[in-house]
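Student: Hi, could we go through this structure together? I'd like to pick out a few spots and ask about them.
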Amino acid sequence: MKLKKQVTVCGAAIFCVAVFSLYLMLDRVQHDPTRHQNGGNFPRSQISVLQNRIEQLEQLLEENHEIISHIKDSVLELTANAEGPPAMLPYYTVNGSWVVPPEPRPSFFSISPQDCQFALGAGLQFTWQMLTVSEELPFDNVDGGVWRQGFDISYDPHDWDAEDLQVFVVPHSHNDPGWIKTFDKYYTEQTQHILNSMVSKLQEDPRRRFLWAEVSFFAKWWDNINVQKRAAVRRLVGNGQLEIATGGWVMPDEANSHYFALIDQLIEGHQWLERNLGKSRPRHGGLPPGLGPQCYGRGRGGSFLGRSHHVDSDSSTDIFCHMMPFYSYDIPHTCGPDPKICCQFDFKRLPGGRINCPWKVPPRAITEANVAERAALLLDQYRKKSRLFRSNVLLVPLGDDFRYDKPQEWDAQFFNYQRLFDFFNSRPNLHVQAQFGTLSDYFDALYKRTGVEPGARPPGFPVLSGDFFSYADREDHYWTGYYTSRPFYKSLDRVLEAHLRGAEVLYSLAAAHARRSGLAGRYPLSDFTLLTEARRTLGLFQHHDAITGTAKEAVVVDYGVRLLRSLVNLKQVIIHAAHYLVLGDKETYHFDPEAPFLQVDDTRLSHDALPERTVIQLDSSPRFVVLFNPLEQERFSMVSLLVNSPRVRVLSEESQPLAVQISAHWSSATEAVPDVYQVSVPVRLPALGLGVLQLQLGLDGHRTLPSSVRIYLHGRQLSISRHEAFPLRVIDSGTSDFALSNRYMQVWFSGLTGLLKSIRRVDEEHEQQVDMQVLVYGTRTSKDKSGAYLFLPDGEAKLYVPKEPPVLRVTEGPFFSEVVAYYEHIHQAVRLYNLPGVEGLSLDISSLVDIRDYVNKELALRIHTDIGSQGIFFTDLNGFQVQPRRYLKKLPLQANFYPMPVMAYIQDAQKRLTLHTAQALGVSSLKDGQLEVILDRRLMQDDNRGLGQGLKDNKRTCNRFRLLLERRTVGSEVQDSHSTSYPSLLSHLTSMYLNAPALALPVARTQLPGPGLRSFHPLASSLPCDFHLLNLRTLQAEEDTLPSAETALILHRKGFDCGLEAKNLGFSCTTSQGKVALGSLFHGLDVVFLQPTSLTLLYPLASPSNSTDVYLEPMEIATFRLRLG
């Protein structure tokens, strides 16, 4: 009774504080001195200010109402449980549904009003927004003459009388780390020869320049050259003859890659360059061949971009970009608008060589006799190209894929161009100065001409907001197919990414704790080499012909083998770190690689196989399981384990029995795996920490709760597995719709198809239509057909028609219920968790797809709703931000598809429906209220983009999603006019739950029972809800392969939309106006060194400070050099 009174008093006190705060806000508005200016006459600007303040006050009232509601719910929960048992058991109601009582501990969640202002702001200040540009362009595809996709360019020869045209010709060689050949084969046969010749040929003439990008190849070559050649390379970099552009491990794809992997490969490349080339750091970025490039990043001097289509708040993150205007980045399309002329200045194509000019006019070697004529022809192209830019400084790339692999090409290009340059530069009347250059040479000259310091925004240049998706290189040939191509490996990429981040965090924490305890000598710090290999494997796969699914089949196998090897290694890093950290007495720690203390959660038999979960063998001795939560917030989740007996008891770390749901483990629609059962238990896990469960053989009738199963056969004659432990009912021919429900919603399914039909929230009367359909696209019958890159459908999608009706299996239980519809080409599962918080607020969807018998077809999933989206939908860019899209009827169907690495949503004034994804896929909204995602593609032919193969190596692929329906709060408006949009906090956390699942690591049977195991709480408290710990990455020591005591702490503060309902979400975190006290963040460790740096740690942003309090702006990613002790 005493506790009840204390809780009531505490709740009342909080209530009073909230009301008093509201009073103060009202008082401040009433006494605003600006109201009394002009003698009480309100000018229009003052009325506008007053309206804004009233709107803000209404929003504050609504938010305070939400806070008070939270307080009320929390007090009621505390009161209800203050005198009851520590955990009430689920119970079955008379209407046939399970009820899970509220947790003993409440979850109070509130958002500071200040944290809501970011998404409500006016957005970025820009000249052009790509969405608007796309709406206004006619896309009429007129014949532009020699520049087929452009227009005739004219100029006056006197245009340069006042200021010479300054031309920088940039020799480069684009080296794909895998495409037609594997990474290693490319290196052996071509890349090493390019780099070897580079060293000798650049030293022959100090006027020569060369641009390189792929550090993955450069690092492999560096390991195989001698000390003298390394010294020569350092000299070439130091004097500016050799420049590394961007400096990433690869030149990544811009559509499918997740921002964790993009940043990680950039860090890996930059750290390698700093260790081996010293202070010669990358200043500029180049993205010439990336599929659908964007400008992004901070702290670089400039970028140049290629492969874009139909191009006609705070500026601190703006990048000065050069846009390549023509069809391709090869030499015929870079000197000017006429490829027939430009090809004549590609001197690798001189007569007698292996390649020639398709326009039938070959290059001619430059001699004294022809230099004047050839120079005039080339200068005409330079001048025409320069008219497309706002300065008289011109960038002309000179290269192509794997160019300069033979000494003869180096000589042909450099000797002939130098003769042309000498001619230009010796004739002042031409008003042109030409030379070999790098990106630094070009941007430095551009900044100088525009009269600003490098890095500043030059006057008169427009600001462009948005991206360049979707891209077509000609006609209606849109490169939107590769958003989905080879989805098996897109999924494996994200599995590896999640394991890498988890392994990085656990390894860094284990190493820090081991050093603090004086046990570093007993911990396997050598696991750092496995981390390094995995970083480079993940980085390699971000290459724009890897994660895109656009490489040869043999190359895909090579990528797959690398991914699997790194995944296996990362699981070892995780179990080694978890073993050390979960021990209550670290002195008992003993590392034995031959007898690991923990088992892995699952295994894969090959690189193209789906994972098989570990089965825990129960016997007379108790079995222990260590659970790892990779999230920076405490999570309440369902953990499912496979065991060999339905008679199982699960106990907490404190040996308290827990309620569990026991189910059969199915191998098909009607066949259960013998002697394998699934036990599902809700657990609360510490942020970035480890929990412990104990499993015992035995039956607890009150807590071991069986699932019930219904199977709808639809007239099919199939054998069915039965088990006395699980109630099972067979329905031969029922087609009535049915529903599953939890504390938040009731979900209706079609009794005929087994697919989702509608969702009704428990606090609403009306259902929300969410009708799910499976569709099939064909390809054109004409010459041009869909392939690995292109999506060229034969019209609108057709409804998938199975040969036989589906078998449906409906499972219901206290903690989860699910419907699985078994079709020939897809097994569609929808699971509803009966848990409070994030898990219970969305639908867990998985699609097991197998289209290996298809011929030129693509399988799609469409969700049709009655949301009035008005042709607008939203997709994410690399999982970092969300971009608005508009369905454009003037464009072909395939042009309206976009990449979806993390999420897509549609919305109206009342609702938002978000499809979260665990793998990158292509998505669109072809009609109001629809979302449509391509699940897999099987195509029998090449699409003439260089690959030379179709897509015929399909795998059984499991695509995973979360579907979240949210309601807008009263008074909040949809900000469709903004150039960006933001997910809610619930949406952000839902995505994290999907992409970073908890890992279950059984203690090996050979180990002694685990009374010494203790849950591991690395953080003193969860990070704020809008903060994401992107990585805690141990840095390499001066000596290769060894870790240092320093880590890179990378934090991301997310932008979020407060206009979506945030009541009873079950969070155990709040927001903090962007402030984090790092000094007290890590439990049991001290922050002994902290220094803010640039994103990839190349540049310190401030001196090390004694203060460990940091502040991040919304959407900011901040990196810190950190030492824990």
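Student: Where does N944 lie?
Tutor: N944 lies in the loop between strand 42 (930-938) and strand 43. Helices (H or I, at least four residues) and strands (E, at least two) are DSSP runs, numbered from the N terminus. Before we go on, this is a predicted model, where local features need pLDDT of at least 70, side-chain atom pairs count only at pLDDT 80 or more, and totals for chains, interfaces and linings use all residues. Residues are numbered from 1 along each chain as its sequence is written, and side-chain values use heavy atoms, with hydrogens and water left out.
Student: Thanks! What is the phi of N944?
Tutor: Phi of N944 is near 65°, a positive value in a residue other than glycine. Most residues other than glycine have a negative phi.
Student: And is N944 buried or partly exposed?
Tutor: N944 counts as partly exposed, because its relative accessibility is 47%. Buried means under 20% relative accessible area, exposed over 50%, and partly exposed in between (1.4 Å probe, protein chains only).
Student: New topic. Where is S470?
Tutor: You'll find S470 in the loop between strand 12 (464-465) and helix 13 (487-516). S470 is buried, at 8% relative accessible area. A cis peptide bond joins F469 to S470, with omega about -5°.
Student: What does the side chain of S470 have a polar contact with?
Tutor: The side chain of Y483, at 3.2 Å.
Student: You mentioned helix 13. At what angle do helix 13 and helix 14 pack?
Tutor: Helix 13 and helix 14 (residues 528-541) pack at about 150°, with their axes 10 Å apart. Axes are lines fitted to C-alpha atoms, for helices over the stretch in contact, and angles run from 0 to 180 degrees between N-to-C directions. The two helices are therefore roughly antiparallel to each other. Angles under 35 degrees count as roughly parallel, over 145 as roughly antiparallel, 65 to 115 as roughly perpendicular and the rest as oblique.
Student: Last one: which strand holds L965?
Tutor: L965 is in strand 43 (residues 957-967), and L965 is buried, with a relative accessible area of 11%.

Terms used. Polar contact = N/O pair within 3.5 Å; in protein donor to acceptor, adjacent residues only side chain to side chain.
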